[in-house]
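Please have the sequence and the model at hand.

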Amino acid sequence: MIAYLELPEHTKFYEIRQLANILTTISGRIGTRGRATVKQFTDEKTTLAQFEKIRQKKIKEGYQLRDFPFPFFGAGYGRYFEWAEILVRFVTQPTYEQIEKIIQLAPAPIKPTKDDFTGRMLHAASEQFVNLYIQAAYEGSPFKIEDITPGKAIPYTDKSDLYSATPHALDAFEQDIEGWLLEIQQFCPIEFVFRREDWEAGGTNLSAWHRISLESIPELLEQWQQDPNTYTQSDKEKNLFKHAVSGIFNFGDVEPDTPSERFIDHIFPDVKLKWLFANEDLSEAIAYYQQHKENAGILEACKEVLENLIEEKNYAKVNQLAEQVLDTIMEDYHFITSKVGKILYAVLKVNNQGLIDHLIQRLSNQQSSELSPGFHTFSGNCISCDVMNNIGGFAFTLHASNYIEAQRMYEIALDIQPPQPCTKRLEMFCNALWILQNDNTGLPVNNELNEKFLAKCLPYGPQNPAIFFNAACLYVEMNQLEKATECVQHAIDHQYNNIKSMKNEIQTLAMFAEFRDYPPLKSLLQI
């Protein structure tokens, strides 16, 4: 139970909170956190009596009970880093005339447009660098507001406070927000308001309005669960509702299993999936995924879970999840090309060759238009090349820890067939030949694996002549001196930029002792 009272002419407040047999009183100037006193009584009945005694005493002193007509989660004195946003849910969908009036009354820094209304939800948000807009709206600005609109560079200034608003401007903005919401309430009743805390800017000095709002969560939740509108919202409206409710649950420390199963399945299936994946047995999680896999939120949850499991090195679970969801997740170009190396490494760690073979087949011959229409890849002219480079990049990170695993990861990358040769970022083909060299790793020479890698990598030598030198090293270790000499010739012909270093290594390193006496090479290098 909470009672909040104000002494307006002295700008003071007094707040009384009762929880079981604990009584907390907070007092101070309006707009500050105030000073708190906590007392514990023998039982709840005594605590409630003391609560009422203090409340009546403050009323006699001239304090007035403040009425909060709707819940405002995140109410208080907010501070902002780059953005400000307010999410409002109305009791009924606003009419066209009400929307016009809401826009007209809105504070300038977060003035919405008609497009910001969807169903019963309003998302009123600022442009980037909101402090500039707050400062311009309430205290003026050293430059014109149109100079900081999207698509235009922000004017340079040496003032250190360019991206900050003064406390006075921030306070005025806060008063405008609350005044605007209270005015809306008069003609378009509000169910709740949510504003997240911006921790980059130091968070919000949460007020009594916020704390009293927390007490309404059980009633609101029951209302949402029973309201047919909850289950018929458009995707856009549901996403805004979900964002707000998620923040409200965080504010109120609502336990994950508090909402009904129907509510969770409709609004938070992704959250439920994450809970299920925390279990040792993933059968229930996988069944839930299959049931809801058409939901975009479920796929995003799978990606997040997958990333977390990879970071935790829980390779067994990564493998189980990958078997179920990777075919679908691979439709996301950004995700798969940035994570596929780590995913395949996890599959490799549990020796699931069947899944490795499936992924190699699935990732081969992928043009950019097939997985992400109209998207330009970053390492060549196809997605298969991007995937190969990501796997090869991960293999490179294994050079310092496990040569055998690095070789295996390069082999997987090279088994992927691009629809046409890669044209950029060809370091992987050079590194793949380096990791096979006995002189580099101490591992036994593997002629079969060497020949396989050489067949895959040598076609890229003209574009990256360092490949020819690494190929020459492999041929020397396989005692194929004629082919080694041909590779040295190719490196020279294609203007390898380290020819001097290559010659020096051939003349000085022990591994080339027989090779440097090979007549065709001596003639080629004139040694």
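The backbone oxygen of Phe41 sits 2.8 Å from a polar atom of the Asn21 side chain. That is a polar contact: a pair of N or O atoms within 3.5 Å, where within protein one must be able to donate a hydrogen and the other to accept it, and residues adjacent in sequence count only if both atoms are side-chain atoms. The model is predicted; local features need pLDDT of at least 70, side-chain atom pairs count only at pLDDT 80 or more, and totals for chains, interfaces and linings use all residues. Numbering runs from 1 along each chain as its sequence is written, and side-chain values use heavy atoms, with hydrogens and water left out.

Asn21 belongs to the loop between β2 (12-19) and β3 (22-29). Helices (H or I, at least four residues) and strands (E, at least two) are DSSP runs, numbered from the N terminus. Leaving aside residues up to four places away in sequence, Asn21 touches Lys39, Gln40, Phe41, Thr42, Asp43, Glu44 and Thr47. Contact here means heavy atoms within 4.5 Å. Ile404 lies 383 residues from Asn21 in sequence and 64 Å away in space, C-alpha to C-alpha.

## Salt bridges

Side chains of opposite charge can pair when their charged atoms come close. With a salt bridge defined as a side-chain nitrogen of Lys or Arg within 4 Å of a carboxyl oxygen of Asp or Glu, the count is 21. Arg17 pairs with Glu15, their closest N and O atoms 3.0 Å apart. Buried means under 20% relative accessible area, exposed over 50%, partly exposed in between (1.4 Å probe, protein chains only). Glu15 is buried at 0%; Arg17 is partly exposed at 27%. Lys58 and Glu61 form another salt bridge, 3.1 Å from N to O. Lys58 is buried at 12%, and Glu61 is partly exposed at 41%.

Lys339 bridges to Glu307, with closest N and O atoms 3.0 Å apart. Lys339 is in helix α13 (residues 333-349) and Glu307 in helix α11 (residues 296-311), so the pair ties together parts 32 residues apart in sequence. Glu307 is partly exposed at 30%. Salt bridges with shared partners also join Arg89, Arg120, Glu191 and Asp227 into one network.

## The buried side of α10

Which residues of helix α10 (residues 283-292) are buried? They are Ala285, Ile286, Tyr288, Tyr289 and His292. They span an arc of only 160° around the axis, so they lie on the same side of α10. The arc is taken from the directions from the helix axis to the C-beta atoms. The buried residues of α10 pack against α8 (261-267), α9 (269-277), α11 and α12 (315-329).
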